[in-house]
Amino acid sequence: MITISISYSIHQMIKNELDIKRRKAMDEAEAKKADLYQRFPRLGEIEDEIHSAGFRYNKAILMGTVPAGSAVDELSDTIEELRKEREHILSSNGYPADYLKPEFECSKCSDTGIISSSSGEGDTLCICYRQLLLDHLYNNSNLCISGNEGFASFNTDLYPDEPDEKRYGIKKSPRRQIIGILEDCRQFTENFSDPEVKNLLFCGPTGTGKTFMAGCIAMELMKAGHTVLYFTAPALFNTIYEYRYKSGNNDEWDPSAYRNILETELLIIDDLGTEAPTATRYSELLSILDSRISNDTHRPRKTIISTNIDLRSLFEYYDERIVSRITGGFDIYRFAGDDIRSILR
Ligand SMILES: Nc1ncnc2c1ncn2[C@@H]1O[C@H](COP(=O)(O)OP(=O)(O)O)[C@@H](O)[C@H]1O
Ligand SMILES: [Mg+2]
Ligand SMILES: [Zn+2]
């Protein structure tokens, strides 16, 4: 059984990807150089001369043998002249001055993924690294939310401003309700690794933005480098079923599918209640929720469940143990409003 964490292997994968890019840029620069030096052998001589002058320069400084200002200046003048000669050869033959520099995809970090701070206050990840990480996390998340940029994409104007308890089942207007939920969801993402922060249960009628909100949270967390895994309830139970009953006699079965359900930092179970209810499924769901309890701030495990079933029916529909697990470990949010799908149409 492999026990390294998922995020570790993702970082390893990104490092490899960057290494490949970097090496490619360097190889291409080497090939260009070899080609150019063949045509202009003087360039090779210049390089050697710069090297040996540089070597003597360093040595002179290290040994402290020469009084400052004489030989040292002379050597740096020599190097400067050699550089000029090289530039001249390049430009007079129609090559740009930086022709021999490797062309890295990211000029900020030269495809290392890391920006070393000039003040020496520790290195930071380059924006290109963050993007690669986000791509990896997204590609492994099962999510299809390419237009969703996170909370910035969440529009509260789509919710009615007028309270109507009969219609929406809550005293507040749906807009005030969703503004409160949005704020709490922001808190959830900001304090994601805090073991005190509970899981989220979204309930409410179809088209009130439950899946969309889960997607916004997912996006924000992936931007922060967390692993996310999205399943509709039927797909989740299907994956578990395959793991239990098909993994034994199938060599091509990938056990990581099940392991990821347990280990992903955020698990989204969408549309709970749309699967056919069976006792086995309840106990599967329980064991997943149980094994996803984590008090380790470095390995947060949080779950978002969404359901169209109203709370009272959920409690009738589901096994007692599940309901008490949910009421104990989840903050419950009631989404209300009109069906946004028909508003947007
Ligand atoms: N707050 C929002 N801002 C922008 N688009 C939204 C918002 N909420 C929902 N949508 C859009 O409305 C549609 C229905 O929302 P959805 O999240 O699927 O509802 P639910 O999961 O509650 O049934 C989706 O196409 C979604 O993209
Ligand atoms: Mg939905
Ligand atoms: Zn970069």
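Helix axes in these legends are lines fitted to C-alpha atoms over the stretch in contact, and angles run from 0 to 180 degrees between N-to-C directions. Helices (H or I, at least four residues) and strands (E, at least two) are DSSP runs, numbered from the N terminus. This is a predicted model, in which local features need pLDDT of at least 70, side-chain atom pairs count only at pLDDT 80 or more, and totals for chains, interfaces and linings use all residues. Residues are numbered from 1 along each chain as its sequence is written, while chains are lettered from A and ligands numbered from 1 in the order in which they are written.

**View 1. Helices α10 and α12.** The axes of α10 (residues 279-291) and α12 (residues 320-329) come within 9 Å and cross at roughly 30 degrees. The two helices are therefore roughly parallel to each other (angles under 35 degrees). Y282, L285, L286 and L289 of α10 meet R321, I322 and R325 of α12 (C-beta atoms, placed from the backbone, within 7 Å).

**View 2. The open sheet.** Five strands with parallel pairing follow the order β4-β5-β6-β3-β7 (strands pair if DSSP finds at least two bridges between them). β4 (228-232) and β7 (330-334) stand at the edges with a single partner strand each, so one side of each has no neighbour in the sheet.

**View 3. Strands β5 and β6.** β5 (residues 266-270) and β6 (residues 302-307) pair in the parallel sense over four bridges. The bridge partner of L267 in β6 is T303.

**View 4. Surroundings of ligand 1.** Ligand 1 is surrounded by 14 residues, the closest being G209, K210, T211, F212 and I340 (C-beta atom, placed from the backbone, within 6 Å). α7 (210-223) and α13 (340-344) each supply at least two residues of this shell.

Technical notes
Parallel < 35°, antiparallel > 145°, perpendicular 65-115°, else oblique. Contact = placed C-beta atoms within 7 Å.
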